[in-house]
Amino acid sequence: MNQLKTLRLSLQWLVICALIGLFSGSASAFFLVTLKWVTQIREHNSWIIWLLPVGGLLIGLLYHYYGASVIKGNNLLLEEYENPQQPIPFKMAPLVLIGTLITHLIGGSAGREGTAVQMGGAIADQFSKLFQLDKKDRKTIIIIGISAGFASIFGTPLAGALFALEIVYFSKINLKSVVLSFIVAYAAYYTVAFWQVQHTHYSIPSIPEMNWNNLLWTIGTGIIFGLAALLFSRTTHCWNDLFSKYISYGPLRPVIGGTVLAVIIFFIGTTKYIGLGIPEIEKAFSTPNESYDFLLKILFTGFTLGAGFKGGEVTPLFFVGATLGSALSIVVPLPIALLAGMGFVAVFSGATHTPIACTVMGLELFGIEGGVFIGLACLVSYFASGSIGIYRSQIVKGPKYFLYQKINPYKQDFL
């Protein structure tokens, strides 16, 4: 009898994983195609940035009247994981999709992972009611929704599965969540592949040997990447707090923010700091960037998201890390592509407190040859980036948490 029950439950979870992988992967594939389309429209019509206030108003009104319950975005997923209360409304998925496409169409600086993760989480949690799952199983559902969204949007199933596990309170993860997270990550990944949607590819052609000199340079750059992650997180939170404090009416925030962005973009005379910034990321692997490129991306992204526009933070983090690593190649005696690749994942590691997932992502994207450099940079950045990352509702545990508690047991957020 117990064997039959175990078999039934196993089949149920396999069905759930397959469905979530299929729907989340398809949603990400559609998002990637439409995101490419709106980006091309913007690039061929530079005047469209003057519509930033109009687009901001549309997003603001949309969330003010229809999306108040899901405006927290990724933080809502983390809060529901930690303390399951109410099912995540399905409307989170279409709202964040529409908001992100508008943001990228008119010239906001934002990413895409937040959109995919929110769509994956919202889609996944609908199965909680369908299969009458309890609070414990809802936690598993949220994990696999995050896994599906992340894996499908970046084409990195291993990193996606680990990111979903690592981003939540890791010590409460059970074996079932681990297994299901990997299953749904690959299901979503292959769904995107089925729709023949391509991901961006990068390469690091030259990897030096790891000696004491290169070890010290890697640790040093890892600290710099961690500080950049810290600056990114604090800047984003700062702009959000300022807009919330001084502009009480939500829909007005992106209108004012959009107006400021449009004027600044016009006067600086370049659009390389808006949108995803993929061309600049690719360029960073071969040509040294200006020393201020990463700083301007931090400012543009923090301001865009703080004003209420939609999208993610991760691709801008890739931009910040890759361009910072590229700029450091002028003084650091390591190959430019390796430094860009290290920064690409290390800044992400520091800002999300996920060094394992980011190391694995680096291996998936750049190959195993540079694994020692990538892993060390991610680990050092993780410790150097402070206790508050881009997700305010994330509960930070593990070695960094205990290290910080020893340094200052009365204040967790001391950096």
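A salt bridge is a side-chain nitrogen of Lys or Arg within 4 Å of a carboxyl oxygen of Asp or Glu. The structure open in the viewer is a predicted model, and a search of the whole of it finds six such salt bridges.

**First stop: Asp137 and Lys176**

Select Asp137 and Lys176, whose side chains meet in a salt bridge with an N to O distance of 2.7 Å. Asp137 belongs to helix 6 and Lys176 to helix 8 (residues 175-194), so this pair ties together parts that are 39 residues apart in sequence. Asp137 is buried, with a relative accessible area of 15%, whereas Lys176, at 32%, counts as partly exposed.

**Second stop: Asp125 and Arg138**

Next, select Asp125 and Arg138, which form a salt bridge whose closest N and O atoms are 2.7 Å apart. Asp125 is in helix 5 (residues 113-130) and Arg138 in helix 6 (residues 135-154), 13 residues apart. Both Asp125 and Arg138 are buried.

Move to Glu79 and Lys72, where a salt bridge of 3.2 Å, N to O, joins the side chains. Glu79 is partly exposed at 29% relative accessibility, and Lys72 is partly exposed at 47%.

Select Lys310 together with Tyr63; the charged end of Lys310 sits over the ring of Tyr63, 4.2 Å from its centre. Then select Lys139 and Tyr81, where Lys139 lies over the ring face at 5.1 Å from the ring centre.

The structure holds 24 aromatic pairs. Select Phe243 and Phe303: their ring centres are 5.3 Å apart and their planes stand at 70 degrees, so the pair is edge-to-face. Phe243 lies in helix 9 (residues 212-246) and Phe303 in helix 12 (residues 293-306), so the pair ties together parts 60 residues apart in sequence. Phe243 is buried at 6% relative accessible area, and Phe303 counts as buried at 11%.

Continue to Tyr273 and Phe319, with ring centres 6.4 Å apart and planes at 65 degrees, so this pair is also edge-to-face. Tyr273 is in the loop between helix 10 (252-268) and helix 11 (278-284), while Phe319 is in helix 13 (residues 314-328), so parts 46 residues apart in sequence are tied together. Tyr273 and Phe319 are both buried.

**Last stop: an aromatic cluster**

Finally, select Phe150, Phe154, Phe163, Tyr202, Phe285, Phe318, Phe344, Phe348 and Phe366, which form one aromatic cluster.

Terms used:
Residues numbered from 1 in each chain as written. Predicted model: local features only at pLDDT ≥ 70, side-chain atom pairs only at ≥ 80, totals over all residues. Heavy atoms only, no water. Phe/Tyr/Trp six-rings, centres within 6.5 Å; stacked < 30°, edge-to-face > 60°. Helix = DSSP H or I, 4+ residues; strand = E, 2+ residues; numbered from the N terminus. Buried < 20%, exposed > 50% of the residue type's maximum accessible area, 1.4 Å probe, protein only. Lys NZ or Arg CZ within 6 Å of the ring centre and 35° of its normal.
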